[in-house]
Amino acid sequence: MTTEVHTQVSAEELAQTFDESEHAPVDLSGYAFEDWLSLALFWAMSLAVFVQFFTRYVLNDSFAWTEEIATNLLVALVFIGSSMCVRMSRHIQVDFLYRYLSPGIARVLATLIDVIRVAFFAYAALLVWRFMSIIGDEQMTTIALPKNLSYAFVFIGFVLMFFRSVQVAVANWRRGYSVLERPEAFDAPLVAET
């Protein structure tokens, strides 16, 4: 079991770490397309919620469209953000059973889970695409925008999850194990470096 180590530092040492971090290079290479899209959706949703709050409680005359826009942006954020979780293998999963399985059986079961996940995301994307063709040009309730706009983000989210799950499955196959088999290999170290 790894224990977390806390070292006492003085105020001067703490201030020095802030000074050092100012000159550290910024590395954005770990972020992917869906990370940036999720960030943009989050701030757009935050702006819509702020406008809703401001018009309701400050102006005492709320805009009706802000709630629908914020809700649709939240849905978009959830599905686009889910592709981040797929890419990083951070969705909720049960790995308890794998502790009691032989490595060979655990590897087969983890590969089967990868295949099922890929198939599910592909099928879900197909279903959303079909649904979008059914609702066609229906408009949102409070604003003259097509409903397909919000469902397009759901579709894009499932497509991204499909591609990311294929990447994860291939990486698991090449590595020889997945997060289900060895969750400790995917955790950040808990011991603080001094």
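Which residues does Ser83 touch, not counting residues up to four places away in sequence? Ser83 touches Glu34, Gly157, Leu160, Met161 and Arg164, where contact means heavy atoms within 4.5 Å. The structure is a predicted model, in which local features need pLDDT of at least 70 and side-chain atom pairs count only at pLDDT 80 or more, while totals for chains, interfaces and linings use all residues. Residues are numbered from 1 along each chain as its sequence is written, and side-chain values use heavy atoms, with hydrogens and water left out.

- Helices (H or I, at least four residues) and strands (E, at least two) are DSSP runs, numbered from the N terminus.
- Two packed helices are described by the angle between their axes and the distance between the axes.
- Helix 3 spans residues 65–87 and helix 5 spans residues 148–175; their axes come within 8 Å and cross at roughly 5 degrees.
- Helix 3 is therefore roughly parallel to helix 5.
- Angles under 35 degrees count as roughly parallel, over 145 as roughly antiparallel, 65 to 115 as roughly perpendicular and the rest as oblique.
- The axes are lines fitted to C-alpha atoms, for helices over the stretch in contact, and angles run from 0 to 180 degrees between N-to-C directions.
- On the side of helix 3, the contact includes Asn72, Val75, Ala76, Phe79, Ile80 and Ser83.
- On the side of helix 5, the residues include Phe153, Gly157, Phe158, Leu160, Met161 and Arg164.
- The residues of this contact between helix 3 and helix 5 divide into 12 nonpolar, 6 polar and 2 charged.
- In this grouping, Ala, Val, Leu, Ile, Met, Phe, Trp, Tyr, Cys and Pro count as nonpolar, Asp, Glu, Lys and Arg as charged, and the others, Gly among them, as polar.

**Ser83**

- Ser83 lies in helix 3.
- Ser83 counts as buried because its relative accessibility is 0%; buried means under 20% relative accessible area, exposed over 50%, and partly exposed in between (1.4 Å probe, protein chains only).
- A polar atom of the Ser83 side chain lies 2.5 Å from the backbone oxygen of Ile80.

**Aromatic rings**

- A pair of aromatic rings is described by the distance of the centres and the angle of the planes.
- Rings of Phe, Tyr and Trp (its six-membered ring) pair if their centres lie within 6.5 Å; planes under 30 degrees apart count as stacked, over 60 as edge-to-face and the rest as tilted.
- By this rule, the count comes to 13 aromatic pairs.
- One of them is the tilted pair of Phe79 and Phe158, with 5.3 Å from centre to centre and 55 degrees between the planes.
- This pair links distant parts of the chain, since Phe79 belongs to helix 3 and Phe158 to helix 5, 79 residues apart.
- Phe79 is partly exposed, with a relative accessible area of 23%, whereas Phe158 counts as buried at 11% relative accessibility.
- Phe79, Phe120, Phe121 and Phe158 form one aromatic cluster.

**Loop between helix 2 and helix 3**

- Asn60 lies in the loop between helix 2 (33–58) and helix 3.
- The phi angle of Asn60 is near 60 degrees, a positive value in a residue other than glycine.
- Asn60 counts as exposed, at 69% relative accessibility.
- Asp61 also lies in the loop between helix 2 and helix 3, and counts as exposed at 54% relative accessibility.
- Leaving aside its neighbours within four places in sequence, Asp61 is in contact with Thr55 and Arg56.

**Loop between helix 3 and helix 4**

- Ser89 lies in the loop between helix 3 and helix 4 and counts as buried, at 16% relative accessibility.
- The phi angle of Ser89 is near 55 degrees, a positive value in a residue other than glycine.
- Val94 lies in the loop between helix 3 and helix 4 and counts as exposed, at 65% relative accessibility.
- From C-alpha to C-alpha, Val94 and Asp61 are 48 Å apart in space, and they are 33 residues apart in sequence.

**Loop between helix 4 and helix 5**

- Leu145 is placed in the loop between helix 4 (103–135) and helix 5.
- Leu145 is partly exposed, with a relative accessible area of 30%.
- Not counting residues up to four places away in sequence, Leu145 touches Ile69, Glu138, Gln139 and Met140.
- Leu145 and Ile69 are 76 residues apart in sequence and 10.0 Å apart in space, C-alpha to C-alpha.

Technical notes. A polar contact is a pair of N or O atoms within 3.5 Å; within protein, one must be able to donate a hydrogen and the other to accept it, and residues adjacent in sequence count only if both atoms are side-chain atoms.
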